[in-house]
Amino acid sequence: MIRGRDPLREPVRFIDERTGAAPLLVKALRYLFPDHWSFLLGEVALYAFVVLVATGIYLALFFEPSLADTVYTGPYAPLQGVPMSEAYRSAVDLSLSVDAGLLMRQTHHWAADVFVAAVVLHLLRIFFTGAYRRPRELTYLIGLAMLFTALLEGYLGYSLVDDLLSGMGLAIGYSVALSLPLIGGNLGLLIWGAPFPGDPQFESRMYITHVLLLPALIGVLLAAHLTLVAARHHTQFPREPEQTNRRLIGVPTFPGQTPRSLGLMAAVAALLFGLGGLVQINPIWLWGPYETGLGTNGAQPDWYLGWLIGGLRLMPGFDVTIGDYTLIPNPFWGGVLFPLVVLVVLVAFPWIERRLTGDRGVHNVLDRPRDAPRRTAFGLGFLTWVGMIFVAGSADRATVFFGLDYEAQIKVYRVAVWVLPALVFLVARRICRELQRAEEIERAREAAEAEARLASR
Amino acid sequence: MRLRGWMIALLALFGMARRRRPQRQPRERIVAAGQPDPRAELIAIGLLLLAAAAAVAFVVFYALGFSTQALGGTLAGALALIAAALILAAKRLVVSEQLPGEYPEPEPEQQEALAQIVEESGSRLTRKRLLGLAAGAAGGSLGAALVAPAASLGPLFDTSSLYTTPWRRGRRLIDEAGRPMLAADIETDVFYSAFPEGASKDALGAPLVLVRLDPAALRLPAGREDWAPGGILAFSKICTHAGCAIALYRTPTFAPTQPAPALVCPCHYSTFDPARGAAVTFGPAGRPLPQLPLMVDGAGALRAAGNYSGAVGPGWSGVRSEPPA
């Protein structure tokens with residue numbers, strides 16, 4: 001062996017002498033990942049975020065965030081001669097005139113939809129297995145902060161384009177801002193700079209928020225989230241008797257987990273670029289530019305804002321007034337209070353549960369949903385509540401496709417969003433308890449059989 | 001004699017050499033040894049080469065200006081092949097052992113040390129609470145000072161601009177193409193958009209919906225008797241719920257099950273009855289659409305006879321109060 005020429009040990013020595021990183025790296029390489037498919041949902045979100053950043057940077061090289069007037073002269077005949085903003089013109093050009101531009105824009109849009117979907121599925125996994133419990137409450141809260149930041153980030157993303165749907169979405173956002181009691185009018189004017197559609201600077205404000213402020217915030221939260229995960233280690237399902245709150249079993253980062261994780265990254269990227277290349281999403285050139293006096297029927301937001309549309313649509317028509325003075329305009333209920341309630345319930349849940357169950361212990365071992373019937377039942381009921389409101393947001397589509405009476409549907413939903421969650425709660429709790437009981441019986445039977453075998457010997 | 005001497009010397013050397021070279025123990029492995037799987041290796045190599053080919057195809061297609069589908073297909077293909085190779089490697093080519101480990105335990109001594117350091121560091125301070133308050137005041141005020149310039153973003157206290165509309169008594173109504181709208185051209189069962197002549201179409205107060213109803217069927221609020229010449233009604237086109245443009249006009253020929261005529265917003269389906277001054281009949285809107293009084297000039301063109309009956313667009317706290325003079 002020739003000392004100092006080893007292609008592996010030489011760089012290792014070089015780096016360790018200058019950074020002292022070897023102990024840390026050894027620890028990182030031998031960090032253990034407990035094995036379960038559902039643990040990959042968070043990774044899917046992470047890799048979708050990587051694709052979002054990469055494609056987003058590409059888009060930013062072409063997009064012009066300006067509401068200055070221009071006239072379209074590009075190759076798309078239906079828009080030729082149409083006056084529009086530079087923002088919309090550059091987004092159409094990016095889609096139709098820049099090679100690979102449409103691929104990148106559609107992949108970016110798909111990646112946003114998949115990102116939020118993966119985060120929500122990840123949240124459901126965390127919730128229904130009790131992974132948010134001590135000592136991981138902070139990891140959970142940071143995750144929630146990321147989810148709600150991502151919703152705003154996605155909304156700003158499709159609002160930037162200044163097509164017809166962007167404008168309709170912004171009008172609703174403006175109305176929701178205005179609906180905040182007492183400060184709404186001031187806040188709306190502050191953000192938009194002037195009454196809707198606002199000062200032209202508003203586009204720049206959205207742009208810096210979408211491409212810098214919120215992505216940086218998500219990046220910082222992401223780093224904190226992953227740091228905390230690593231600091232307290234992953235949770236685990238109790239599949240082997242050795243898996244306890246003090247000892248875990250898992251696959252080390254290297255070599256075991258590395259090809260899995262990188263494979264997942266490549267698979268997520270393949271899915272997103274495949275969707276971006278093959279499945280059309282938000283064909284902005286069809287919508288045309290936005291004017292305040294224009295609207296289109298059947299407009300739906302990206303899926304992750306569907307619950308808010310439902311909340312806005314289900315509210316009966318009233319403003320809270322004192323004499324001639326409006327205190328709370330209607331969009332407050334569906335656009336502010338509803339998401340706020342959802343956020344507060346999710347944030348407070350670990351502490352509420354701790355209060356109700358009296359369980360303050362450390363939990364590194366996960367529950368199966370049936371192991372905590374009340375949590376599972378509450379979670380499913382809550383999910384049904386939000387889900388029903390989400391579905392109610394598509395009642396107009398049911399009118400178009402199935403001929404159902406719109407107003408009758410809304411009246412049914414107004415009752416169903418309260419009744420169905422209660423039913424789901426009761427049924428889910430019952431199912432969990434029955435499953436537990438069946439397992440108890442099974443265990444008793446096995447014990448009795450073992451005893452019988454011993455006795456017959 | 002010489003031979004014996006040589007042999008002793010050799011043995012001694014050999015012994016010394018053996019003693020000098022430490023016994024080479026088989027080094028303890030960190031990663032368990034695994035069975036080679038040449039077939040899987042070959043497949044992985046094949047997948048990686050195919051991925052390279054797909055990536056090259058992407059570049060070629062890009063250079064030749066091929067379709068988005070071709071670009072997306074090749075790029076996704078390359079990534080999918082790499083994913084397949086990596087997953088194969090995870091399953092068959094790397095040692096993938098389940099190892100035991102320990103969860104980190106909290107360290108009470110370190111926690112105590114931390115608390116102690118902070119606690120003991122304040123031994124020279126006698127007015128801790130007052131100092132804390134002063135520091136809080138400095139920090140809070142400085143924070144507020146740094147945030148204050150954000151007030152330049154928009155009019156912070158003056159919300160009177162929310163009431164502005166471009167409509168004045170005598171201003172003509174024009175259509176999308178800029179032509180004056182003539183009262184004689186307005187038919188029943190048709191939905192018209194109108195804009196103020198000589199003003200921006202973009203302000204929330206600008207766009208109108210125009211419908212003509214049988215004058216005998218009108219049940220307008222008191223004081224609007226002459227607002228609808230010949231049954232022609234003009235309302236703000238912007239929904240009082242969430243600011244979308246009213247885009248649906250339900251007339252008796254449409255859905256027979258639902259009351260008509262009605263103006264409907266496509267965003268959240270607030271529904272307004274034009275015959276009753278656009279009162280809300282369904283949906284989340286809390287206020288009627290503001291009505292614009294109309295008059296017909298000598299040339300038969302429609303003109304505004306004043307300003308709206310109320311504030312235009314989505315509500316805010318105080319929207320119903322009188323607009324500032």
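How many helices and strands are there in chain B? Chain B has 5 helices and 12 strands. Keep in mind that we are looking at a predicted model. Its scores are ipTM 0.92 and pTM 0.92. For chain B, the mean pLDDT is 90. In that chain, 89% of the residues reach 70 or more. A word of caution on reading such models. Where pLDDT is low, the predicted coordinates should not be read in detail.

Let's start with chain A. It has 16 helices and 6 strands. There are 457 residues in chain A, and 41% of them count as buried. The C-alpha trace of chain A spans about 90 × 70 × 40 Å along its principal axes. Now take the contacts in chain A with a separation of 6 or more. Residues 24 or more positions apart make up 75% of them.

Back to chain B. It has 325 residues, and 33% count as buried. Again, take contacts between residues at least 6 apart in sequence. In chain B, 55% of those join residues at least 24 apart. Chain B is divided into two parts: domain 1, residues 37-95, and domain 2, residues 173-304. How far apart do the C-alpha centres of these two domains of chain B lie? The answer is 60 Å.

Look at strand β4, residues 208-212 of chain B. Is it enclosed or in the open? Of its 5 residues, 4 are buried, so β4(B) is largely enclosed by the rest of the structure. It has strand partners too. Strand β3 of chain B, residues 192-196, pairs with β4(B) in the antiparallel sense, over 3 bridges. There, Y192(B) has L210(B) in β4(B) as its bridge partner. Strand β5 of chain B, residues 232-236, also runs antiparallel to β4(B), joined by 5 bridges.

Now the contrast: helix α4 of chain B, residues 108-120. How many of its 13 residues are buried? The number is 0, so α4(B) lies largely in the open. From first C-alpha to last, this helix reaches 18 Å. That is close to the 18 Å expected at 1.5 Å a residue. As a reminder, an α-helix has 3.6 residues a turn, so residues three or four places apart point the same way.

On to where the chains meet. In total, 76 residues of chain B are in contact with 81 residues of chain A. Which elements give two or more residues to chain B's side? They are α3 (68-93), β1 and β9 (279-282) of chain B. Helix α3(B) supplies the largest share of that side, 15 residues.

Zoom in on the pairing across the chains. Strand β4 of chain A, residues 247-252, is joined to β1(B) by 4 bridges. Here L248(A) has G101(B) of β1(B) as its bridge partner.

Technical notes:
Residues are numbered from 1 along each chain as its sequence is written. Chains are lettered from A and ligands numbered from 1 in the order in which they are written. This is a predicted model: local features need pLDDT of at least 70, side-chain atom pairs count only at pLDDT 80 or more; totals for chains, interfaces and linings use all residues. A residue is buried if 20 or more other C-beta atoms lie within 10 Å of its own, exposed if 12 or fewer, and partly exposed in between; C-beta atoms are placed from the backbone. Two residues are in contact if their C-beta atoms, placed from the backbone, lie within 7 Å. Two strands pair if DSSP finds at least two bridges between them. The expected span of a helix is 1.5 Å times one less than its number of residues. Domain bounds come from an automatic or database domain assignment. pLDDT is the predictor's confidence in each residue, from 0 to 100.
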